[in-house]
Amino acid sequence: MAVNLVNLEAVGKVYGTRALLDGVSLGVSEGDRVGVVGRNGDGKTTLIRLLSKLEPADDGRVTHSGGLRLGVLTQHDSLDPAATVRHEVVGDMADHEWAGVARIRDVLTGLFGGLDLPGFPQGLDTVIGPLSGGERRRIALAQLLISEQDLIVLDEPTNHLDVEGIAWLAQHLRARRSALVCVTHDRWFLDQVCTRMWDVQRGSVHEYEGGYSDYVFARAERERIAAQEEAKRKNLMRKELAWLRRGAPARTSKPRFRVEAANALIADEPPPRDDAELMRFANSRLGKTVFDLEDVSVQAGPKVLLKHQTWQLGPGDRVGLVGVNGSGKTSLLKALATAARSGGEEQSELVTGGRVKVGRTVKLAYLSQEVAELDPATRVLEAVEAVRSRVDLGKGREMTASQLCERFGFVKEKQWTPVGDLSGGERRRLQILRLLMDEPNVLFLDEPTNDLDIETLTQLEDLLDGWPGSLVVISHDRFFVERTTDQVYALLGDATLRMLPRGIDEYLERRARQRESAQGGANSPAAQRTSGAAAAKSAKPSGSAGTSGTPGTSGTPGTQPARKPAAVARAGQKEMQRIERRLDRIAEKQSELHEALAEHATDFERVAGLDTELRELDAEREELESRWLELAEGE
């Protein structure tokens, strides 16, 4: 039988005149993995602070089991700004000691990309004081995860992590034996990690078994029953459930809710988006051209982010943009936005080659990561009406500024709150509202989910479902990207923009292969070239094929594809041979470096240097192999 770790008995907490928690009784046992959800301000953080005994309850009692080893990640770290990362994470352990601990190696690699902390100027010896809030948060998370605990309590652990970091954290937490209580708005993360849900609403906490998908079903069922007595009650949960059920079965690893009941619940629910209707409307608003990149190169300082890229964003396209930190996602949006502001006449200073063409009818709204400053004395409704008093949502639908405010959680009383009194999440909501009120036909959303609770995210997704225009989303929230977009493109740090037909799953697979290659775990170059050649040859037509794929069924019977001139073919073969020789030398060098790594495993400085060499060789190998495949496909 599982041992009880924490008990809350009839706990209450009041702030001012508002009761955040009223008579709450809960328990956490060994093996529990609890996700905490609810609207911003309803008491999620207060609940876990009481549970962790970081602050006292006004009523009731909180008890911990004897000798409980408790680890807590709050939204504000207690790191010493004068200390180094080394001191805060591994303490006084010598390099050979911590380098021999698998968990420490796993945490440092998963959160920072390598044992030498490649993103920090002095690696482990970087002083914490000058670091950004996101970097400090990752250090605090690393400090927590390298220790052994009975219970881990995390408040928004996915903030400041990219898609890859979130996937690693989910896998890491699943593998731990510790119990877990986690507040997060990341729905994909909840489904991957949690087996129970606590929904904090108006002073009460409702418990649900299962992850986020199970919670959506149970809550939708509860609201369906309640709607029989309250006909006007709104129910957006059903729409989200419909999307979950229509999606890939692998979207959740715990689909335990009753399939027949779920299907009955969404039987009359239409698809989230009428793609054909939206595309027709988008074409009428935008014409044929939105953004065309022609042989464009983008550079930030000395770093080349994109190199000779040709890409098109068309009317009605919904694109998710993912990539490693520093790969150029935000820089690409800024370059497009600069061109849009000038109608394509002015190119961003980031664009060092090629040209960005912009459609004449493009009206862009760009949600950046920085929250726009407004007069603190301005009321919420006044700030929205300053843009427009009514907004056209398409297909004859229209909403007033006040109605749209309510959709985003600003109820009547809240609409008269001064902007200066809003929380960070509320200001983010207001920023999105003001953008949408201006009726743009192209939307760029750079991390739109920051500081938004799940209910607000659901409202935003519902609004975007019926919004006709072109959309580009940068977000670490995998659920939001998959929910609102139809295509995923990736920047993998190699100065190219790649379409990923299988979306974020394919992105994570590619990143895993990159890491394996850097560590010597990938297949040999010769084997990769063999498989690449087979793929290239299988993709080549054996003749002029018709729609059925049968050679010779269209065009002139018996015609053959034009052959390259012999001189060009010979030059291509010579280049392939040169590449193969260089790849063989790289493979030999990588083998030598791996032997050196094993020999000097306890010499951290030596290991860091060897790791840097391996990364450089891996980058060169990838470029050469891409070129080899291009030549093979062109034969």
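**View 1. Seven aromatic pairs are found in this predicted model.** Let us start with one of them. The ring centres of F291 and F444 are 5.7 Å apart and their planes meet at 35°, so this pair counts as tilted. F291 belongs to strand β10 (residues 291–300) and F444 to strand β17 (residues 442–446), and the pair links distant parts of the chain, 153 residues apart. Buried or exposed, where does F291 fall? F291 is buried, at a relative accessible area of 0%. F444 is buried too, with 0% relative accessibility.

**View 2. F444 also forms an aromatic pair with Y366.** Here the arrangement is edge-to-face, with 6.0 Å from centre to centre and 80° between the planes. Y366 sits in strand β14 (residues 364–367) and F444 in strand β17, so the pair ties together parts 78 residues apart in sequence.

**View 3. Four aromatic residues join into a cluster.** Look for Y208, Y212, Y215 and F479, which are linked by ring pairs.

**View 4. A charge meets a ring at R429 and F410.** The charged end of R429 sits over the ring of F410, at 5.1 Å from the ring's centre.

**View 5. Helix α6 is mostly covered.** This helix spans residues 163–175, 13 residues in total. From first C-alpha to last, α6 reaches 19 Å, close to the 18 Å expected at 1.5 Å a residue. How many of its residues are buried? Ten of the 13 are.

Key. Residues numbered from 1 in each chain as written. Predicted model: local features only at pLDDT ≥ 70, side-chain atom pairs only at ≥ 80, totals over all residues. Heavy atoms only, no water. Helix = DSSP H or I, 4+ residues; strand = E, 2+ residues; numbered from the N terminus. Expected span 1.5 Å × (residues − 1). Buried < 20%, exposed > 50% of the residue type's maximum accessible area, 1.4 Å probe, protein only. Phe/Tyr/Trp six-rings, centres within 6.5 Å; stacked < 30°, edge-to-face > 60°. Lys NZ or Arg CZ within 6 Å of the ring centre and 35° of its normal.
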